[in-house]
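User: Please take me through this model term by term, and set each value against the definition behind it.

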2 protein chains.
Amino acid sequence: MASHERINPATVRKARTVRKWDLEADVVVVGYGCAGACATIEAAEAGADVLLLERASGGGGTSALSGGLIYMGGGTPVQKACGFEDTPEEMYKFLITALGPGVDEAKVRVFCDESVAHFHWFERHGVPFKPSFYPEPGSEAPTDDCLIYTGGEDAYPFDRIAKPAPRGHKPQHPAAAGGFLMQKLVAATERSGARIECDVRCETLVVNEHGRVVGVVVWQDKRRRFVRARRGVVLTAGGFTMNQEMVARHTPLIWKCSYKLGVDGDDGRAIRMAMGAGADIIHMDAAEVAIPLTPPRRLMRGILVNRVGQRFINEDTYYGRVGQESLFRQDAHMYLIVDNTIYERNAAGFEATHVEETVADLEKSIGLPTGSLQGTVEYYNRFAAQGEDPLFHKTPALLQTLTNPPYAAIDCRTDKVLWATFTLGGLHTQPTGEVLNPDGQVIPGLYAAGRTTSGLAAHGYCSGISLGDGSFFGRKAGRSAAMANAPT
Amino acid sequence: MASHERINPATVRKARTVRKWDLEADVVVVGYGCAGACATIEAAEAGADVLLLERASGGGGTSALSGGLIYMGGGTPVQKACGFEDTPEEMYKFLITALGPGVDEAKVRVFCDESVAHFHWFERHGVPFKPSFYPEPGSEAPTDDCLIYTGGEDAYPFDRIAKPAPRGHKPQHPAAAGGFLMQKLVAATERSGARIECDVRCETLVVNEHGRVVGVVVWQDKRRRFVRARRGVVLTAGGFTMNQEMVARHTPLIWKCSYKLGVDGDDGRAIRMAMGAGADIIHMDAAEVAIPLTPPRRLMRGILVNRVGQRFINEDTYYGRVGQESLFRQDAHMYLIVDNTIYERNAAGFEATHVEETVADLEKSIGLPTGSLQGTVEYYNRFAAQGEDPLFHKTPALLQTLTNPPYAAIDCRTDKVLWATFTLGGLHTQPTGEVLNPDGQVIPGLYAAGRTTSGLAAHGYCSGISLGDGSFFGRKAGRSAAMANAPT
């Protein structure tokens, strides 16, 4: 238990011990990030009396710290305007592969089938998108342009699995648009008629004698209060990125990443609250791990090597894929090798840590095994000269021999450059947002979305998936809760 | 819920709804494998009235299917007789590294400190060990010899971290000794005075109004019965290897392994029963994954390469480490490359799948990228001739150039050869065997050990760890339960 926790979240409160409800609503939403805002709006529009509770002093959460990319496709107006063909089926084929292993096929299916409608929902709720494409993949555009490749859709192996299309949609705002997106969603939430209470810490769930979740115990105005949820509680309170103990139990490798993408509220409390009511947790080892090596895209002409000087991935793939591959499979020990033609300081400020006139000297300077990097560069150059990458199939346009000295390395270990991470595991939910117990049964009255849950990304990741599934399944959860029967 | 489950295990039974207890004991142990037998014996010796419940028709469980290796060290009589020096500190340094990341240091500490005493406990309870060493590492001896290296202790990198000592102890019985070990433990359990009931399926836990576990609902003689546990319930009912849904949720990659090491009871039911009472689950992605390539040890003179013809590990390490590395990091796509000097059919019957006169032809025959295997073999041979392995530090005694045609490959993919697996994740417990909830608090009356828990092996593994920690922490759990205060 973290020291600031007044009540252990996993210890549920029995409804019969609640003498008086201080607040009541049909639907109580816990957490005011993207998923919580969308759940609230949708529940309110479905006619429910909604109460949204937020621990911080205002809406935003980790969503507001993000780049604002939302993964949408299947033929959105922006995709069409930019000349990209896409269908729900191609989107499905891509996601089912890129987000695995362990993907929830039913969730991916509905997410793809209803993605265009979801785009229109955002527009209707005041989130604007410029019908433009930005060609540097991976991260949000520094401009107010919308569409980018955010998951390696146009790189090996996905370019052979599904027809490539960019699907990262950024609201029309210069550079990172997470704050802007949340401003718009906060405005829409306020318009929805829902009651919003900030500076409220949710402590534990209230469960009745049938195991149904009927409310929340909160700490507000320096006292404990009891909040009744007539139809359901929706948990949208983030992941457990900031909880060192939970990270150690479930995904210990990510703790070494220097930048934990989250706010204080990402302490796994909502996950533990739900577990107290009997919820299952799944894919708890999964995490987004991104090292923003590229942009600029031109740096993809270099080669990434591991601790023994071997290449291990096509450098033109999504940098979040590079990060996951490196952390989980290569001990986060990685160097980007370039020559003088390719080298430049990257967008995140990464600079060369080793510069030498020959590859042999570079190898020695880094401390790689004798001959290892030399062999790797020779092999790479031999085929790059023919426009081929037999090992990892980097796109021919980015294949360029490394032959112009000096040669340089960027040491990409976790203590050297920025590694960003957040957790992907969480509550096991249905596509409806209903929370499941370990036997696969629905826990009545309990719903969840966003990083409190295991969403679309079972183990893989693409930028835009968290706002994408948080908003999409937040809406589903809000609607499900609003339509639920009140307990008799 | 599996179709044979009459009650959802995660749905606890409230004590106040139990009208009559059909059976009572101080301590109720669920599951009669190694951990359950040891828990029962220890609890009975501590003076408790113990009832052991087993779903099958007799004791044994997955333990009886095993090789019978028990990981013990720190200077056991067998280690001393065979001339191996070992200390609890060297054992600790090894295990803390080999079983990580995410190791529970307190568990490893007590396991090492009390390992010699644990050896004597086995002897006192009728399990004999021959004071002899068998030089082929990895798996149990085909003879009745005792001691072997079972975790790569004498190979890189562990040989540089801790002083190598073999710690796998096999009871004195020819070849696989798991059945023999369980015969001896069953005899000791019967002598202990505990009551033993087989053909009893435990359905769910009974919990009182304070959240304390006070009993178990069982199915016996075609009817439901209620079993009261005055001091505690000890869950030692195996992992979830045989439950496809749980594997998909937690560690999907292992499902492709052809040999799931378990019995029907390894369906995760005990884990879900405990979750129903509020237990946390940790390291659920972890699994033992072994491909018995070696023995014979001479095959370690070959090289293991991945799908692009690169080496990725020192071939002289423990084959369970090879299996984990290959499945979790190399997509289970692996070939053993040998020449005519090295080749032989291995102990598990693996045979060459590709034979060619040149490495270039072998590369082509396998379908590896052009030049990849050739480069790997050239590099390997260049340094092997000097007694060096700059990449992975295979021991010089096993470095031998691959120069005598024909050359051969053994295709080691999961659909080609035997891959054995079982799950390592489970309940979060204290070294005492007490089960913790997601807030790190003890659940009163609930104890667990063996593969129902996350034990010593957080993510790594060594042969002998499961019987090792199952027996050791089974004893701890049995004693803790026996010494617990009965609820007032």
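Predicted model: local features only at pLDDT ≥ 70, side-chain atom pairs only at ≥ 80, totals over all residues.

User: What makes chain A as compact as a globular protein of its length?
Analyst: The secondary structure of chain A comes to 13 helices and 21 strands, where helices (H or I, at least four residues) and strands (E, at least two) are DSSP runs numbered from the N terminus. Its radius of gyration, taken over C-alpha atoms, is set against a globule rule of 2.2 Å times the number of residues to the power 0.38. Chain A has a value of 23 Å, close to the 23 Å that the rule gives for 488 residues, so chain A is as compact as a globular protein of that length. Along its principal axes the C-alpha trace spans about 75 × 50 × 35 Å.

User: Why is A:Gly478 called buried?
Analyst: A residue is buried if 20 or more other C-beta atoms, placed from the backbone, lie within 10 Å of its own, exposed if 12 or fewer, and partly exposed in between. A:Gly478 has 34 other C-beta atoms within 10 Å, and therefore counts as buried. This residue is found in helix α13 (residues 465-483) of chain A, and 62% of the 488 residues of chain A count as buried.

User: Which residues is A:Gly478 in contact with, leaving aside its neighbours within four places in sequence?
Analyst: Contact requires that the C-beta atoms of two residues, placed from the backbone, lie within 7 Å. On that basis the partners of A:Gly478 include A:Val27, A:Val29, A:Cys38 and A:Val234. Across chain A, 77% of the contacts between residues at least 6 apart in sequence join residues at least 24 apart.

User: How do you know that the two copies are related as by a two-fold rotation axis?
Analyst: The copies are superposed by least squares on the C-alpha atoms of residues with pLDDT of at least 70 in both. Chain A can be laid on chain B with an RMSD of 0.0 Å by a turn of 180 degrees and a shift of 0.0 Å along the axis, and the two copies are thus related as by a two-fold rotation axis. The same surface serves both copies, as 97% of the contact residues of chain A recur in chain B. Of the residues of chain A, A:Arg329 comes closest to the axis, with its C-alpha at 2.5 Å.

User: What makes strand β17 of chain B largely enclosed, and which strands pair with β17(B)?
Analyst: In strand β17 (residues 407-411) of chain B, 4 of the 5 residues are buried, so this strand is largely enclosed by the rest of the structure. Two strands pair if DSSP finds at least two bridges between them. Strand β15 (residues 335-339) of chain B pairs with β17(B) in the antiparallel sense over 5 bridges, with B:Val338 as the partner of B:Ala408. Strand β16 (residues 354-356) of chain B is also antiparallel to β17(B), over 3 bridges, and there B:His354 stands opposite B:Ala409.

Technical notes:
Residues numbered from 1 in each chain as written. Chains lettered and ligands numbered in written order.
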